[in-house]
Number of protein chains: 2
Amino acid sequence: MASLMAPSKHSPVEDAEALQRAVKGWGADEKAIIAILGHRNGTQRTQIRQAYYDLYQEDLIKRLESELSGDFERAMYRWILEPAEREALLANIALKNANMNYHVIVEISCVSSPDELFIVRRAYHNRYKRSMEEVVATNTTGHLRQLLVGLVSSFRYGGSEVNASLAQSEADILHEAIKNKNHNHEEVIRILTTRSKTQLVATFNCYRHDHGIAITKKLLDEGSDDFHKALRIAISCINDHKKYYEKVLRNAMETVGTDEDALTRVIVTRAEKDLEDIKKVYYKRNSVHLEHAVAKKTSGDYKKFLLTLMAKEE
Amino acid sequence: MASLMAPSKHSPVEDAEALQRAVKGWGADEKAIIAILGHRNGTQRTQIRQAYYDLYQEDLIKRLESELSGDFERAMYRWILEPAEREALLANIALKNANMNYHVIVEISCVSSPDELFIVRRAYHNRYKRSMEEVVATNTTGHLRQLLVGLVSSFRYGGSEVNASLAQSEADILHEAIKNKNHNHEEVIRILTTRSKTQLVATFNCYRHDHGIAITKKLLDEGSDDFHKALRIAISCINDHKKYYEKVLRNAMETVGTDEDALTRVIVTRAEKDLEDIKKVYYKRNSVHLEHAVAKKTSGDYKKFLLTLMAKEE
């Protein structure tokens, strides 16, 4: 369930006019901007961008970029984009990073549905005039490259059929591969990059049933290099992406200084999808409401905006 | 340019009725079937299938399958499908083959535009309840697997931009990889599976310019295992797929007994696209018209049908 509270009816033109009043003159009216855009869904935001352009011959995104600053600006910039555009942007930021943030790449590839991922790949083409896998492949080598390119390029079958004997045999392959430290990476990569998500969840369940430990936990003992990390993230995202996001949020706020990029990323990308569920998972794990944790770690307009997206006005 | 001659106006209902007359009773009227379906484009054929179903509550494809036989039936079955459905079918036949016909897989992956390939992958999901890459990966190992899965999963950037210095540096990488017999397969696979086609053509041109030999010819000296064969086919398809198809047709007819599967595949899949151009390439290479060569090697309704698709009635 989404956490975003958006009205079923709104006037894109009135919203655009109100936003124009909020950005004109000296200093923007951040409160007004949050009150509008923090309560509009993707379609509505796109209509507002269009109405704003029609009225003022100006790109609303660029205007907001120049009026706002810091974490608030970055969060608003990400929020106002359409989901696929935003994921393409996030992927590009991750790929430009000197120590490529491959976890964002894995996250986008494994949390998105097969069709969503394809739309993100297309948005990446449009925005950056090259393919996502091309950049991933250029910046990596060996097994990490094979895994990441495989995940990014995947178009998994989306049906709910499960082949139980295949789940068993591939759980065994994964077990053997992990047990023999000289990993049969090829087979692990094949299974993780090509099987349907439903099939993989069945395979991970077989693994846990047979060995009394989750495969991600077992992998933790086996190596902490980039390949193993990427593998664990991929499995977590496929297995239960809400639990995965809970952990990202927890880690982001446990860091000294708070990892605002991660905090923004999760809240902005999930607000319209399943942030309400992630809030529940967070509370169950931490006995603290996510909104309270976020409120403690953030401040100013950035804080106001995140809380609005979490349906918790101050 | 397509070779197919289809009327701009047709009545799906009248066509369906005429087809019903052609298949009812003892023995089908193959001539009538060819006269109709051999002159209808993809959209028109789909409309006819629908009209036939609405009129007779029967699947036209199944009916034709039961009425026709041999090479003619197989050609008609492939022809009547929508292009993406047909490629999915061809891929599946190739994958079911004991000695997987990976050249068909490479062909589909490298000749199709990035968007077309995606539609084929989706058609494969719908038809076979699994992904194409999943089956490819299960049936192969090592570098051949990496190459084939990479090609099948590719969603190359489709723009016409060329980075000349990148073309030069990657031509050098390919040259080094091929020269040192202990091939740097990883880099060859990366380049071939992720770069845009326009970029790759520039890279192949650099290679030929620097070394005075086409990269496919050079590869021919280096190995004749499946990996090298797949590599050569991929390069040929990306570089100039019309020349590639000319060769497939030539080989199909040079074989003792004729390779009808290959002959059908090329004529049926290209009739609506660029078979007219392929005919020209064939004539230039062989000083024989493709239609004459095909007429010599085939017979009966199969021959009539292929010639009709090539716009050469007997």
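**View 1. The lining of the largest cavity.** The top contributor is α10(B), with six residues. By type, the lining holds six nonpolar, twelve polar and six charged residues. Here Ala, Val, Leu, Ile, Met, Phe, Trp, Tyr, Cys and Pro count as nonpolar, Asp, Glu, Lys and Arg as charged, and the others, Gly among them, as polar. Helices are DSSP runs (H or I, at least four residues), numbered from the N terminus.

This is a predicted model, in which local features need pLDDT of at least 70 and side-chain atom pairs pLDDT 80 or more, while totals for chains, interfaces and linings use all residues. Residues are numbered from 1 along each chain as its sequence is written, chains are lettered from A and ligands numbered from 1 in written order, and side-chain values use heavy atoms, without hydrogens or water.

**View 2. Cavity space.** The largest cavity holds about 350 Å³, and the whole structure has eight cavities of 30 Å³ or more. A cavity is a set of points, on a 1 Å grid over the protein atoms alone, where a 1.4 Å probe fits but cannot get out; lining residues have an atom within 4 Å of a point. Points are joined across faces, edges and corners, and the volume is the space filled by probe spheres set on them.

**View 3. The axis between the chains.**

**View 4. An annotated site in chain A.** UniProt, in an unreviewed entry, lists A:G25, A:G27 and A:E67 under "binding site"; such annotations may be inferred rather than shown by experiment. They span 43 residues in sequence, yet no two of their C-alpha atoms are more than 10.2 Å apart, so they gather at one spot. A:G27 sits in the loop between α1 (12-23) and α2 (30-37), and A:E67 in helix α4 (residues 60-67).

How values were computed
On a 1 Å grid over the protein atoms alone, a cavity is a set of points where a 1.4 Å probe fits but cannot get out, and a pocket is an open set with protein on both sides within 12 Å along at least five of seven lines; lining residues have an atom within 4 Å of a point. Helices (H or I, at least four residues) and strands (E, at least two) are DSSP runs, numbered from the N terminus.
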